[in-house]
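I opened this entry to get my bearings in a new model. I wanted the overall build, then a couple of residues.

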Amino acid sequence: MNVFPPGFLWGAATAAHQVEGDNLNSDLWVLEHVQPTLFAEPSLGACDHYHRYAEDIRLLARLGLNSYRFSIEWARIEPERNYFSLPALEHYRRMLAACRENGVTPMVTFHHFSSPRWFAALGGWERATAADFFVRYCERCAKHLGDLIDFAITFNEPNLPMLLRWLKYIDIPYTTVRQMTKQAARAAGSDRFGCFFLGDARKLEDIMIPTHRRARAVLKSGPGDYPVGVSVALQDEQAVGPRSQRDRKCTEVYEPWLAAAAESDFLGVQSYTRCRVGKNGDLGPEPGVERTQMGYEFWPEALEACVRYASSKAAVPIYITENGVSSADDSRRIEYIRRALTGVLGCLAEEIDVRGYIHWSLLDNFEWVMGYRPQFGLVAVDRESQQRSVKPSAHYLGEIARRNRIPDFLPAR
Ligand code: BGC
């Protein structure tokens, strides 16, 4: 079978902090600007998507995609504690309206790693009061925007801090982290600075899972009537050797959030690579294998394995809410997409309920601590002129979306 089901969602994704630019009131802006910092460079004006969203959404639609996943930036909606910005809410209303005008289904993420700086200065996600703040922000957004929302995701990859505890190919410089956090706290006039990436994974999980439930209830209370889910960071975890810790890793990193997704309306699967796990944990890529700009292995088959695993734990509809590859060679992206989607067809053939594929990312953008070097975009961005250049992979994915099948040919380069 080479055909995707009718009504399949085909899209591309972004996250506010990575593309909007000048996210001045966010916790990450502070961390990017203190010394020392973990960030290779600051986000600054990013892709100026805050002002260019209409052009970008039009471009996405013209490519043939029918859905756009983007995030609402809490630091813009509530730049100071208890002050909710009507102009910012109106901005996201215009974005949602632009999606509709272009026949694009919007999928909205309420938290994609960044938070307001005041929230970090109070301790961030490690404090029990975090839930009340986040739920109140969701409530404001839902009241103002709900009638235009088609899908909502509470948290993007809330299990990432737990996953980071296992990853071997990232060597986290803890001294810099401590100094950076201390400087950020000082800059924010506090004795603490709780950023999502760097929080205590166990505490975060204890607070964020119940917060997801509460936020979902608020989002579902109207206006509008849309499915609410959570997106989970997944890797194709492969056991190596007889005493592999693979199963322990899966239980720790994935199961709590897959259980939370199982009580929700859908699960967002986000997958990029595989990971070999031995008796002492992650082994890292084998020598000589192809690696992406992120350092991990080029492994598009991960998507099929992740969808299969996730569907065995959460019997809810699945949307692939992120999948992609960072490469300067766009032909590798085409290959990645083709092989990843072939895997999705394999899942569909076994009646796994996959309903959409949203590629990461629409634009080359700010890849968090790695800055602008990794290129995940279907569309390149010249950060001086802000000019967009569509890559062949964008036409390839657009062609797949229009036909609802993987064509036999590759796009002309
Ligand atoms: C995140 C994105 C990120 C992407 C590529 C995911 O973990 O949700 O924000 O850019 O992976 O690294």
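My notes go from the whole chain to single residues.

**Overall build.** I am working with a predicted model. I looked up the secondary structure and found 15 helices and 11 strands. Next I checked the dimensions. The C-alpha trace spans about 60 × 55 × 45 Å along its principal axes. I then turned to contacts at a separation of 6 or more, and 81% of them join residues 24 or more positions apart.

**Surface and charge.** The accessible surface comes to about 15800 Å². Carbon and sulfur atoms hold 49% of that surface. I noted 49 positive and 51 negative side chains. The centres of the two sets lie 2 Å apart.

**Core.** How many of the 413 residues are buried? I read 61%. The largest nonpolar core has 142 residues. W10, F110, W125, Y137, L267 and L341 have the most contacts inside this core. I followed L267 further. Beyond its neighbours within four places in sequence, L267 is in contact with residues including V230, V232, L258 and A261. Its list also takes in A310, A314, V316, P317, I318 and Y319.

**D48.** I found D48 in the loop between α2 (27–33) and α3 (49–63). Buried or exposed? D48 has a relative accessible area of 19%, and the cut-off is under 20%, so D48 counts as buried.

Conventions. Residues are numbered from 1 along each chain as its sequence is written. This is a predicted model: local features need pLDDT of at least 70, side-chain atom pairs count only at pLDDT 80 or more; totals for chains, interfaces and linings use all residues. Side-chain values use heavy atoms; hydrogens and water are left out. Helices (H or I, at least four residues) and strands (E, at least two) are DSSP runs, numbered from the N terminus. Buried means under 20% relative accessible area, exposed over 50%, partly exposed in between (1.4 Å probe, protein chains only). Contact means heavy atoms within 4.5 Å. Accessible areas come from the Shrake-Rupley method with a 1.4 Å probe; for residues, only the protein chains shown count as cover. Lys and Arg count as positive and Asp and Glu as negative; His and the chain ends are not counted. The place of a charge is taken as NZ of Lys, CZ of Arg, CG of Asp or CD of Glu. A nonpolar core is a set of buried Ala, Val, Leu, Ile, Met, Phe, Trp, Tyr and Cys residues joined through side-chain atoms within 4.5 Å.
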